[in-house]
Amino acid sequence: QVQLAESGGGLVQPGGSLRLSCAASGSIFSVRAMGWNRQAPGKQRELVALISSGGTTDYADSVKGRFTISKDNTKNLVYLQMNSLKPEDTAVYSCYVRGKHLDQRDFSSWGQGTQVTVSS
């Protein structure tokens with residue numbers, strides 16, 4: 001099993017910043033990619049940012065230039081720095097990890113999610 005612990009959500013004014021963190025633990029041999037999705041009420045889940053084990057990043061067009069994803073390989077941590085936040089960024093943000101278990105089976109895991117609300 002793989003456990004994901006997310007933190008850093010909250011309420012912020014438009015134009016403000018938040019930093020989300022996610023720590024993966026459990027039966028992990030290797031991590032291939034980590035990332036963040038978000039889902040707003042009444043909308044489909046959206047991939048926000050993804051980072052590969054080699055450091056290649058990918059972002060949704062709606063967050064390019066404002067959000068930055070980074071990771072700490074030694075601790076299986078992934079971060080999402082969110083700047084210049086807009087009301088439309090309001091959503092539940094969930095961490096995502098893909099890799100191999102200790103027994104070499106592939107896995108994909110999602111976190112419970114953390115609420116981000118952008119409002120004045």
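Is Ser 109 buried or exposed in this predicted model? With 13% relative accessibility, Ser 109 counts as buried. Buried means under 20% relative accessible area, exposed over 50%, and partly exposed in between, using a 1.4 Å probe and protein chains only.

1. **How to read the model.** This is a predicted model, in which local features need pLDDT of at least 70 and side-chain atom pairs count only at pLDDT 80 or more, while totals for chains, interfaces and linings use all residues. Residues are numbered from 1 along each chain as its sequence is written, and side-chain values use heavy atoms, with hydrogens and water left out.

2. **Ser 109.** This residue sits in strand S10 (residues 106–110). Strands (E, at least two residues) and helices (H or I, at least four) are DSSP runs, numbered from the N terminus. Beyond residues up to four places away in sequence, Ser 109 touches Val 2, Leu 4, Cys 95, Tyr 96 and Val 97. Contact here means heavy atoms within 4.5 Å.

3. **The disulfide.** A search of the whole structure finds one disulfide. The term covers a pair of cysteine sulfur atoms within 2.5 Å. Cys 22 and Cys 95 form it, with their sulfur atoms 2.1 Å apart. Cys 22 lies in strand S3 and Cys 95 in strand S9, so the pair ties together parts that are 73 residues apart in sequence. The angle about the S-S bond is -85°, and the link of Cys 22 and Cys 95 is left-handed. Both cysteines, Cys 22 and Cys 95, are buried.

4. **Ser 94.** Next, a residue of strand S9 (residues 91–100): Ser 94. Its relative accessibility is 9%, so Ser 94 counts as buried. Leaving aside neighbours within four places in sequence, Ser 94 is in contact with residues including Glu 6, Trp 36 and Gly 113.

5. **The core.** The largest nonpolar core has 31 residues; Trp 36, Leu 80, Met 82 and Tyr 93 touch the most other members. Such a core is a set of buried Ala, Val, Leu, Ile, Met, Phe, Trp, Tyr and Cys residues joined through side-chain atoms within 4.5 Å. Among the elements that give two or more residues to this core are strand S1 (2–7), strand S4 (30–39), strand S5 (46–52) and strand S11 (114–118). Leaving aside neighbours within four places in sequence, Tyr 93 is in contact with residues including Trp 36, Leu 80 and Met 82.

6. **The open sheet.** Four strands form an open sheet in the order S1-S3-S8-S7, with antiparallel pairing. Two strands pair if DSSP finds at least two bridges between them. S1 and S7 are the edge strands, each pairing on one side only. From one strand to the next, the twist averages 15°. Axes are lines fitted to C-alpha atoms, for helices over the stretch in contact, and angles run from 0 to 180 degrees between N-to-C directions.

7. **The S7–S8 hairpin.** Strands S7 (residues 67–72) and S8 (residues 77–82) run antiparallel and are joined by six bridges. Ser 70 stands opposite Tyr 79 in S8. Four residues lie between the strands of this hairpin, where Asn 76 takes a positive phi near 50°.

8. **Gln 13.** The loop between strand S2 (10–12) and strand S3 (18–26) holds Gln 13. Its relative accessibility is 54%, so Gln 13 counts as exposed. Gln 13 and Thr 117 are 104 residues apart in sequence, yet 8.4 Å apart in space, C-alpha to C-alpha. Not counting residues up to four places away in sequence, Gln 13 touches Val 118 and Ser 119.
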